[in-house]
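Reader: I have a structure open and would like to talk it through slowly. Could we begin with a term or two and then look at the chain?

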Amino acid sequence: MPTTVAGRFTDVQDPFFSYIRDITYATMVTVDRRNRPRARVLLPVWEVVDDRPVGWLASYRTPVKSAHLAANPHTTYSYWSPRQNALHIDAVSTWAASEADKRHAWDLYVQGSPPGVGYDPAHYWRGGVEDPGYDVIRIDPWRVQLVRGSDLRSTVWTAPSGSRERTA
């Protein structure tokens with residue numbers, strides 16, 4: 001049975017960032033209008049804002065991804081290592097609404113967030129933040145599950161029920 005941590009993300013923040021630094025790439029799962037899953041491997045960056053994890057995903061706004069998120073913004077991001085450590089993040093994912101968000105995400109990729117996770121987005125978007133192909137998805141988790149491979153101990157964090165406006 002998993003240990004449940006409701007509300008305080010700081011209780012799982014260190015292992016959360018440790019798993020992300022170790023694993024780096026996540027599998028993002030969306031669903032189409034017929035509720036069929038679609039998975040893709042990518043590299044989001046993460047930070048903590050007001051004791052909540054927030055992810056940012058530099059991305060091309062492809063027709064498939066756009067249609068999936070428009071129909072159902074609920075997504076799952078999964079990280080897995082050969083040591084069987086796993087991190088599953090259930091979230092609401094939405095296209096960033098502002099140029100400030102796009103700039104913020106760009107900067108997090110460049111600096112690494114967490115440290116060691118990121119890249120120079122200019123390798124993909126040569127026009128910088130203003131590149132017309134550059135877009136950003138904001139990831140607002142409502143549930144995080146950490147599974148330790150050595151003993152399969154599981155810890156689950158859930159967002160406080162009063163702060164789920166973006167996630168319900």
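Author: Let us begin with two definitions: helices (H or I, at least four residues) and strands (E, at least two) are DSSP runs, numbered from the N terminus, and the expected span of a helix is 1.5 Å times one less than its number of residues. Please keep in mind that this is a predicted model, in which local features need pLDDT of at least 70, side-chain atom pairs count only at pLDDT 80 or more, and totals for chains, interfaces and linings use all residues. Residues are numbered from 1 along each chain as its sequence is written, and side-chain values use heavy atoms, with hydrogens and water left out.

Reader: How far apart are the end C-alpha atoms of helix α3, and what should the helix span?

Author: Helix α3 covers residues 99-111, and at 1.5 Å a residue its 13 residues should span 18 Å, which agrees with the 18 Å between its end C-alpha atoms.

Reader: Which residues of α3 are buried, and which are exposed?

Author: Buried means under 20% relative accessible area, exposed means over 50%, and partly exposed is in between, with a 1.4 Å probe and protein chains only. By that rule Lys102, Ala105, Trp106, Leu108 and Tyr109 are buried in α3. Seen down the axis of α3, these buried residues fall within an arc of 160°, so they line one face of the helix; the arc is that of the directions from the helix axis to the C-beta atoms. On the other side of α3, Glu99, Ala100, Val110 and Gln111 are exposed.

Reader: What covers the buried residues of α3?

Author: The cover includes the strands β4 (45-49), β5 (52-59) and β8 (135-148), where contact means heavy atoms within 4.5 Å.

Reader: Which residues other than glycine have a positive phi?

Author: Asp51 is one of them, with phi near 60°; Asp51 is found in the loop between β4 and β5 and is partly exposed, with a relative accessible area of 26%. Leu152 is another example, also with phi near 60°; Leu152 sits in the loop between β8 and β9 (153-158) and counts as exposed at 58% relative accessibility.

Reader: Changing topic, where is Leu146, and what does Leu146 touch?

Author: Leu146 belongs to strand β8 and is buried, with a relative accessible area of 6%. Not counting residues up to four places away in sequence, Leu146 touches Val12, Pro15, Phe16, Tyr19, Ala86, Leu87, Arg153, Ser154 and Thr155.

Reader: What about Asp90, is that residue buried or exposed?

Author: Asp90, in strand β7 (residues 86-95), is buried with a relative accessible area of 15%. Leaving aside its neighbours within four places in sequence, Asp90 is in contact with Thr75, Thr76, Pro141, Trp142 and Arg143.

Reader: Back to helices: which residues are buried in α2, and what do they pack against?

Author: In helix α2 (residues 63-71), the buried residues are Lys65, Ser66, His68 and Leu69. Seen down the axis of α2, they fall within an arc of 165°, so they line one face of the helix, whereas Pro63 and Ala70 are exposed on the other side. The buried residues of α2 pack against β2 (26-31), β3 (37-42), β5, β6 (74-80), β7 and β8.

Reader: How many helices and strands does the chain have?

Author: The chain has three helices and nine strands, and from the N terminus on its elements run β-α-β-β-β-β-α-β-β-α-β-β. Of the 168 residues, 48% are buried.

Reader: What pLDDT does the chain average?

Author: The average is 93, and 96% of the residues score at least 70, where pLDDT is the predictor's confidence in each residue, from 0 to 100. Over residues 164-168, however, the pLDDT is below 50, and beyond near neighbours in sequence this stretch has 14 contacts in the model.
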